[in-house]
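Reader: I have the model open and want to go through a few parts of it. Can we start with the terms?

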Amino acid sequence: MEQRHLGRTGLRVSRIGLGTLTWGRDTDEHDAADMLKAFWEAGGTLVDTADVYGDGEAEYLLGQLMDGLVPRRDLVISTKAGSVPDPDRRFDGSRGHLLAALDASLARLGTDNVDLWQLHVYDPETPLEETLQALDLAVSSGRARYAGVSNFCGWQLAKAATWQLAAPGLRTRIAGTQMEYSLLQRGVEREVLPAAIDLGVGLLPSSPLGRGVLTGKYRHTTPPDSRGASEHLARFVEPYLDDTASRIVDAVTTAADGLAVTPLQVALAWVRDRPGVAAPIVGARNAQQLTAALSVETLSLPDEICRALDDVSAPVHRYPDHDWSTL
């Protein structure tokens, strides 16, 4: 699998990443093992997790599998901290919480360091410089090789990345930002993606298949074994089952038919090759689904197909998202 640099850093990642959102909950150890092995054998390196996935079970399961199934040195392990299961405070970006969370993640993963440590969310209750200092301490102590953010809007990303760049050698630069990005969700193109490209931050798209909707599986019904029928994830899928999404899915299906490939391959190839993208994170349910996603490695969409998909899914960009002189 082709490797790409994450932003303006020396860290290289496979251009498709493996997500573990459902590990330890909807994905058991056998399916997780099959997926990790298939991913590794295909040349995949980037495995993304978080301390809150499965209440820590995803990290623990990944750690168990690295112990004997796949060599730790062959993987780029990314995890996150800052999202907390507290109804009164959903985000905690305090230095104390973040560093304690990192230590707990390392214990569950069974490793001395992670390759990429990300702030899961922006915490408006904590001074940003305190939050970012946790990243500096994690990298300087060797517990993390690189640092990133997740779910930061445009101004939050620009502020964080600029603050880190203001003291080169003392502060660790933001290597990547993980955001939802797909043909069904192109909001990052307004401000996040331009900021990321300008500041040398690589984009790691989550839900690149529109929460599974872009595969076409929901065109006529909700499969009983799908996330749309899951107790935990039905509300996650539901927003992308409207008429607008349906038109985009139809266009993806038409393109797939014309290219003799699957809608999944078309949707994933589109986001993988967008400017500024380092590696979409694919959260498959089993090895069969993952293998289908990994088959996109040999596919490059023709320019006319990309333009057609761009047109049918185009978000509304008005002032001040575009240069005022063009409006």
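Author: Two strands pair if DSSP finds at least two bridges between them. Helices (H or I, at least four residues) and strands (E, at least two) are DSSP runs, numbered from the N terminus. This is a predicted model: local features need pLDDT of at least 70, side-chain atom pairs count only at pLDDT 80 or more, and totals for chains, interfaces and linings use all residues. Residues are numbered from 1 along each chain as its sequence is written, and side-chain values use heavy atoms, with hydrogens and water left out.

Reader: OK. Which bridge partner does A147 have in β8?

Author: I174. Strand β7 (residues 144-150) and β8 are parallel and share four bridges.

Reader: And how many bridges join β8 to β9?

Author: Five, again with the strands parallel. G176 stands opposite G202 of β9.

Reader: Which helices go with these strands in β-α-β units?

Author: Helix α5 (residues 154-165) sits in a right-handed unit with β7 and β8. Right-handed means that, with the strands pointing away from the viewer, the path from the first strand over the helix to the second runs clockwise.

Reader: Why is β8 called largely enclosed?

Author: Because seven of its seven residues are buried, that is, under 20% relative accessible area with a 1.4 Å probe, protein chains only.

Reader: Switching to α9. What does its buried side pack against?

Author: The buried residues of α9 pack against several elements, including β1 (3-5), β9 (202-206), α8 (243-259) and α11 (303-313); contact means heavy atoms within 4.5 Å. Ten of the ten residues of α9 (residues 263-272) are buried, so the helix is largely enclosed by the rest of the structure. W270 and R272 are among them.

Reader: Pockets next. What is the volume of the largest one?

Author: About 1400 Å³. A pocket is an open set of points on a 1 Å grid over the protein atoms alone, where a 1.4 Å probe fits, with protein on both sides within 12 Å along at least five of seven lines; lining residues have an atom within 4 Å of a point. The volume is the space filled by probe spheres set on the points.

Reader: Which residues lie nearest its centre?

Author: L21, Y53, S207, L233 and F236, out of 46 lining residues. β8 and α7 (234-237) are among the elements that each supply at least two residues of that lining.

Reader: And the second largest pocket, what volume?

Author: About 180 Å³. It is lined by 15 residues, with L183, L184, Q185, T244 and I248 closest to its centre. The largest share of that lining, three residues, comes from α8.

How values were computed
Buried means under 20% relative accessible area, exposed over 50%, partly exposed in between (1.4 Å probe, protein chains only).
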